[in-house]
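Trainee: I would like to go through this structure with you. Please start with the terms, then show how each one applies.

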Amino acid sequence: MDRIEVSRVSTEELKKLRVDEWSLWECEPSVFDWEYDLDETAYVLEGHVLVSTPEGVVEIKAGDLARFPQGLQCTWNVKERIRKVYRFGD
C-alpha cells in the first residue's frame with residue numbers, strides 16, 4: 001500500500017476490528033506536516049480533515065476508516081475538530 005485508503009465499514013466490521021480498544025487522538029482545526037513511521041489504521045469518530053499527499057488531496061470525515069502507509073509524507077488540514085481512534089500495524 002503506497003497511498004491513503006478510505007472506506008466505510010459496518011458496525012459489525014468495527015466490532016471485528018475492535019476499534020473500541022484503539023487509542024484516541026483529538027485535534028482542533030489546524031494545518032501541520034506529518035510522516036508515518038508505521039502503517040496506521042484510524043476510524044474517525046467526528047470531524048473533517050483534508051490530507052494532502054504527492055498523489056493529491058484525500059478527504060476524511062466522521063464514519064471513515066482510513067489506512068495510512070508507512071513512509072507517507074503528508075499535510076493535514078483539520079477543517080473541523082477531529083476525534084479518531086487508531087492502531088499501528090496491519
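Mentor: On a 1 Å grid over the protein atoms alone, a cavity is a set of points where a 1.4 Å probe fits but cannot get out, while a pocket is an open set with protein on both sides within 12 Å along at least five of seven lines; a lining residue has an atom within 4 Å of a point. This is a predicted model, where local features need pLDDT of at least 70 and side-chain atom pairs count only at pLDDT 80 or more, while totals for chains, interfaces and linings use all residues. Residues are numbered from 1 along each chain as its sequence is written, and side-chain values use heavy atoms, with hydrogens and water left out.

Trainee: Which residues line the largest pocket?

Mentor: The lining consists of Trp-25, Phe-32, Trp-34, Glu-35, Tyr-36, Asp-37, Leu-38, Glu-40, Trp-76, Lys-84, Tyr-86 and Phe-88. The volume of this pocket, the space filled by probe spheres set on grid points joined across faces, edges and corners, is about 220 Å³.

Trainee: What makes up the lining by residue class?

Mentor: Ala, Val, Leu, Ile, Met, Phe, Trp, Tyr, Cys and Pro count as nonpolar, Asp, Glu, Lys and Arg as charged, and the others, Gly among them, as polar. By that rule the lining of the largest pocket has 8 nonpolar, no polar and 4 charged residues.

Trainee: Which strand gives the largest share of that lining?

Mentor: Strands are DSSP runs of E, at least two residues long, numbered from the N terminus. S7 gives the largest share, 4 residues.

Trainee: Why is the contact of Glu-40 with Lys-84 called a salt bridge?

Mentor: A salt bridge needs a side-chain nitrogen of Lys or Arg within 4 Å of a carboxyl oxygen of Asp or Glu. The closest N and O atoms of Glu-40 and Lys-84 are 2.6 Å apart, so the pair meets the definition. Glu-40 is in strand S4 (residues 40-53) and Lys-84 in strand S7, 44 residues apart.

Trainee: Are Glu-40 and Lys-84 buried or exposed?

Mentor: Both are buried, meaning under 20% relative accessible area, with exposed over 50% and partly exposed in between (1.4 Å probe, protein chains only).
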